Amino acid sequence: MCGICGCNEHPVAGERGAAHEHDHADARRVRVEESLLAHNDRQAEVLGQRLRAQSIDAIGLLGGPGSGKTTLLEATLHALGDPHTEAVIEGDCATDRDAQRVAACGARVTQIETGSLCHLDAHLVGHALDKLDLAGVRRLWIENVGNLVCPVPFACGESRRVVLVSTAEGDDKPEKYPAAMAAADLLIVSKLDLLPHVDFDVHRCIESARRIQPGLPVLALSARSGEGMEAWLRWLERGDA
């Protein structure tokens, strides 16, 4: 029996047709994936309605490992001046280190440890929301697992999605991860303070991203030095960059 699709054909090495085709298995896999995504989209829409009914702006943060998501969140919470009106869902495969960092800023936070799962989804976020006191919260942050592939098709109830690419990662990231760029409401080029020490062309990065999504808003900033943070805070309040 074929170990991939479960059919009863037995390919024999050396015979014509030994490279067994799995078209029917691939079709079934596509149907399952479409069903999972459709189910997630329905759950995400319910979450979005729930948050909008409470006048909560939900922002998803996506980026690779080390792109600066948590550091930006810390700097943002300090800059906003009223972290108690901010709630955060932290997604990581293991540990609650990021949740501890955010909690130290004064925000309400809960951690999702995904184990081997490489992204958050609406189901996980929904359970996490049940652990948060949302009374008086203006904004919910959903920091996804460090990954620019798996989280992209899974909406989590966010109203806006921010994608980070750090100067330490390379300016070719938009070309390598076009789906993430196409799904972004804002691209942040982060860790601008490292620019003198790395080979990163900001203009090339932005142009690549806008070839994928023309007109994509882009901000370049450093959460550590504060450069570009004012424009980021304006985008949070007004939605333009």
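**Strand 4, side chains.** I looked at which way the residues of strand 4 point: Arg139, Trp141 and Glu143 go one way, Leu140 and Ile142 go the other, and all are buried. Buried here is under 20% relative accessible area, with exposed over 50% and partly exposed in between (1.4 Å probe, protein chains only). Strands are DSSP runs of E, at least two residues, and helices are runs of H or I, at least four residues, numbered from the N terminus.

**Ground rules.** I'm on a predicted model, where local features need pLDDT of at least 70 and side-chain atom pairs count only at pLDDT 80 or more, while totals for chains, interfaces and linings use all residues. Residues are numbered from 1 along each chain as its sequence is written, and side-chain values use heavy atoms, with hydrogens and water left out.

**Strand 4, burial and partners.** Five of the five residues in strand 4 (residues 139-143) are buried, so the strand is largely enclosed by the rest of the structure. I then checked pairing (DSSP must find at least two bridges between two strands). Strand 1 (residues 57-63) runs parallel to strand 4, with five bridges joining them; leucine 61 has glutamate 143 as its bridge partner there. Strand 2 (residues 86-92) is also parallel to strand 4 and joined to it by five bridges, and alanine 87 is partnered with leucine 140.

**Asparagine 40.** I found this one in helix 1 (residues 23-53). Asparagine 40 counts as buried because its relative accessibility is 3%. Its side chain reaches the backbone nitrogen of alanine 122 at 2.9 Å. Beyond neighbours within four places in sequence, asparagine 40 is in contact with Asp121, Ala122, His123, Phe154 and Ala155; contact means heavy atoms within 4.5 Å.

Terms used: Polar contact = N/O pair within 3.5 Å; in protein donor to acceptor, adjacent residues only side chain to side chain.
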